[in-house]
Amino acid sequence: MSQFRALAGMLRVGGGGPWRRAGQGTPARCKPHPRRACSSEATPAQAVTGSSSYVEDMYFAWLEDHNNVHESWDGFFRSIQSSGASGEEVQRRPPALVRSRAASHSPDVTQKMVEDHLAVHTLIRAYQIRGHHVAQLDPLGILDADLDSFVPSDLITTIDKLGFYGLHESDLDRRFRLPHTTFIGGGETTLPLREVIRRLEASYCGHVGVEFMFINNVEQCQWIRHKFETPAIMRFTSAEKRTLLARLIRSTRFEDFLARKWSSEKRFGLEGCEVLIPALKTIIDSSSATGIDSVIMGMPHRGRLNVLANVIRKDLNQIFCQFDPKLEAADEGSGDVKYHLGMYHERINRGTEKNITLSLMANPSHLEAVDPVVQGKAKAEQFYRGDALGKKVMSILMHGDAAFAGQGVVYETFHLSELPSYTTHGTIHVVVNNQIGFTTDPRVARSSPHPTDVARVVNAPIFHVNADDPEAVMYVCRVAAEWRNAFNKDVVIDLVCYRRFGHNEMDEPSFTQPLMYKQIRRQGHVLKKYADKLIGEGVVTLQEFQEEVAKYDKICEEAYTSSKDEKISHIRHWLDSPWPEFFTAEGEPKTMSCPPTGLDEEVLQHIGQTASSVPLEDFTIHPGLSRILRSRADLVRKGQLDWALGEYMAFGSLLKDGVHVRLSGQDVERGTFSHRHHVLHDQEVDKRICVPMNHLWADQAPYTVCNSSLSEYGVLGFELGFAMASPDALVLWEAQFGDFNNTAQCIIDQFISSGQAKWVRHNGIVLLLPHGMEGMGPEHSSARPERFLQMSIDDPDHFPAFAGDFEVRQLYECNWIVVNCSTPANYCHVLRRQILLPFRKPLIIFTPKSLLRHPDARSSFDDLAIGTKFKRLIPDEGPSSQSPDQARRLIFCTGKVYYELTKERKQQNLEKDVAIVRLEQISPFPFDLVRAEVEKHKSAELVWCQEEHKNMGYYDYVRPRFITVVANERPVWYVGRDPAAAPATGNKSTHLNELKRFMHAAFNLCAFQGRKA
Ligand SMILES: Cc1ncc(C[n+]2csc(CCOP(=O)(O)OP(=O)(O)O)c2C)c(N)n1
Ligand SMILES: [Mg+2]
């Protein structure tokens, strides 16, 4: 082997290889694929007369896995490796090799030379892979950032470790030719071993630890190597150093100021990681320089006020006044604590003199929950601005070390990062790695060496950096921004720091981390250290430094004084996503009414025809799908709608009006129940698809329908963020089965249900949750209506006044709308109403499964005609309606059970005696319409019937409201399944028996006689 390597080295021409050296610009081409490159003509014998780097590549590929190379190379390397080379093996070597070797050195010398070179190459690689494990990352110097004090045996921490490579101290001054996969040489192609090690130490084991060798793209690895290995690449001008110092002053003095003024208030200070502020500013400056003009950020509690003040530049008095306990809230809703609020600000970026918009999303305490929301909002902004490659809009996500490692939504968010309909073309993640989570030591909080390992799954490079070295931090941030610009992929900056005080300012950290906090008390402040450094270098004088400090302190003092004038807090001043044109200047809806949602017959026909056709020529669809489209066409011809057509009409008509529609979720393109088929696949041409909805009108808005990753938490958060960007879009997330929505419970509870109350921020997201008891077992039956309804805020005990447009006002006052439509037309209307309303509220729709194809669950075009609108309640229009006062029982129900009830009623011939009324909008409760029905059926027994178990479904929500409607004067009886722990049985016959039993109760007109309510 070594003979061969030496020959290869000798044959190398000039030092030009596939990669240029430092200072020669961007790498130009990638290494050849070993298998492909050597599979045919390039045998070992031929190759040795060609590029030595080619041979090296072969060799390294072979070292990784012998199967990586052609068998001729495999045999060749094996024979050389087993050297001491038997005569037979040498004979098998390529003649060119043997000839050249013979012409230069004796076999032993050549072999040793090549072996040593290979050893040095392997050593370089070892540093590139494992250097970060020994990098000096912890400012405290007590914890190993990777939680392991073990030094990998292939890193040369002592001279004797050279033996690992078969090298000796005497080799330290020998020069070695450098491989093309390193840039430590700068302009040189050879270096003494001593210098090789020194430079590797400097590149990989100093204050920056670079983790990137898992990236399976050679160009990207070379790019990173170039950025970190090039000698003396971390250089800053005096002006840059002064800016850095000024930013560090602001960051540090801001926390000091808060601590001085409000020593007993929680603020989750940044002390110990003050460098976060200059770090973010550097990322923003560098990104702005590459053309970014909008940055959307998400972050947890730590340092948030500082980011608002010194990155987003929120007025300091607005921040300080939040500490005043007497500050009154001007807005409706519950508001939120100061370290959760968001912000949106447009300003000039001083670094680049370009305009930039910065927004920090409001978020709940739930760590990392905001991640996908930020991504969705960034994606939407990119989409609406036509920024297809993310060159204008980007996102930055900040994390705590414990949360980044522990929260699953981080993983879910990373997995969206490369998906076409979800990518934001690279997010810069910044981890405030203070090596502690509340009181928990990282050694018991994670199993991975670094808290950032989750990023490895998407091949994102990870730059660990000692936060007490501000220049190293700046450099890393600059590289991260350049990385994003070059490759549009995620990147992680791990700011290894410490937390100077407790988790919050009231906490005593030494209860649990005594030694760490002893060390922290001894730890010098980064601002002082950096100021001393710059003063020492002559970059600033002590006086200049002190003046800069005094200047910022004065700014804080002045803001503090004026903050005392603020008596009222306007949460709307903290909006992260304002919709200025949608609301009045005061942030109110422009009207309090909603136009009818009906449609022109022509529009219905046009949409219907497109929905049943294949708008592209020569496009072969599956025969089964042809049948489905034919039956759709039949329905359209007859002026009828099934569920899929109802949805088509809603989406299509909104697209016509320029409203973007986006439907996302698992398998939504076809539809879990194979009813939708919004994406047609050519059966003959791979990946050829057709989305008929995008072929409706030439000037229509675009329709996005996208199958998502198998995530609920991440994807629902993403769509919520998408819906935040603009009020002029219908954004829908569909659960595979409604049952799975609870894995996204945090998004539902923390954002959808309560977001407006906390952050005065409207959101019109639509949740489609397939729901219905159809014998499919406990996990495919219930979207848990009870949980949504429990969080609805309409007062059960208060009978509202019906002034003005009651329907719209009631919607305006609620926190979300919960519906269960029983007809395709009503489904279409409610979707259209969602956009025609003058405000935005989340809409939860329990969608059907068996009704998708149920012959009775059809509507006619007339139900969608001009002038028609969503029916919150559908009265009985059958025989019982002729003399409602004669009806003996009035059953209220919602959703699919209506069809079971009507069938049973017919069978029992009770159509005159029993009226069945459908509640289509469950919340807010249509008090007005329910009362009209109750009054109309004056002598009827009132029954609520549901197919769900008694402790689930709608019963607990509707019951007190019915009681309010009837003023407690008439009983309201329950018919449905008994209470249960699981939402549905797994046994088919039990399911049917339950159904039979409650159907019997529903029509047993004696069932409640003599019973007390
Ligand atoms: C999902 C969630 N679980 C638990 C908490 C309670 N909690 C608040 S801060 C914190 C520790 C966070 O540690 P880390 O992520 O390292 O951030 P740090 O406070 O150290 O900056 C915990 C457990 C929370 N806010 N959110
Ligand atoms: Mg932490």
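Visitor: Hi! In which hand does H12 pass H18, left or right?

Guide: Hello! This is a predicted model, and in it H12 passes H18 in a right-handed crossing.

Visitor: Which residues make that contact?

Guide: From H12 there are Pro 278, Ala 279, Thr 282, Ile 283, Ser 286 and Ser 287. H18 brings in Val 473, Met 474, Cys 477, Arg 478 and Ala 481.

Visitor: How do the residues of that contact divide by class?

Guide: Seven are nonpolar, three are polar and one is charged.

Visitor: And at what angle do the axes of the two helices cross?

Guide: At roughly 35°, and the axes come within 8 Å. H12 covers residues 276-289, while H18 covers residues 470-487.

Visitor: New topic: ligand 1. Which residues come nearest?

Guide: Of the 15 residues around ligand 1, the nearest are His 301, Arg 302, Ser 365, Asp 401 and Ala 403.

Visitor: How far is the side chain of Asp 401 from an oxygen atom of ligand 1?

Guide: An N or O atom of that side chain is 2.5 Å from an oxygen atom of the ligand. Arg 302 has a polar side-chain atom 2.9 Å from a ligand oxygen. With Ile 436 a polar backbone atom is involved, 3.0 Å from an oxygen of ligand 1.

Visitor: How much of ligand 1 does the protein bury?

Guide: The protein buries 74% of the 580 Å² that ligand 1 exposes when taken alone.

Visitor: Which helix gives the largest share of the shell?

Guide: That is H16, residues 401-406, with three residues. By class, the shell around ligand 1 has eight polar, five nonpolar and two charged residues.

Key: Residues are numbered from 1 along each chain as its sequence is written. Chains are lettered from A and ligands numbered from 1 in the order in which they are written. This is a predicted model: local features need pLDDT of at least 70, side-chain atom pairs count only at pLDDT 80 or more; totals for chains, interfaces and linings use all residues. Side-chain values use heavy atoms; hydrogens and water are left out. Axes are lines fitted to C-alpha atoms, for helices over the stretch in contact, and angles run from 0 to 180 degrees between N-to-C directions. Helices (H or I, at least four residues) and strands (E, at least two) are DSSP runs, numbered from the N terminus. A crossing is left-handed if the near helix is turned anticlockwise from the far one by less than a right angle, and right-handed if clockwise. Contact means heavy atoms within 4.5 Å. Ala, Val, Leu, Ile, Met, Phe, Trp, Tyr, Cys and Pro count as nonpolar, Asp, Glu, Lys and Arg as charged, and the others, Gly among them, as polar. A residue is near a molecule or strand if one of its heavy atoms lies within 4 Å of it. A polar contact is a pair of N or O atoms within 3.5 Å; within protein, one must be able to donate a hydrogen and the other to accept it, and residues adjacent in sequence count only if both atoms are side-chain atoms. Accessible areas come from the Shrake-Rupley method with a 1.4 Å probe; for residues, only the protein chains shown count as cover.
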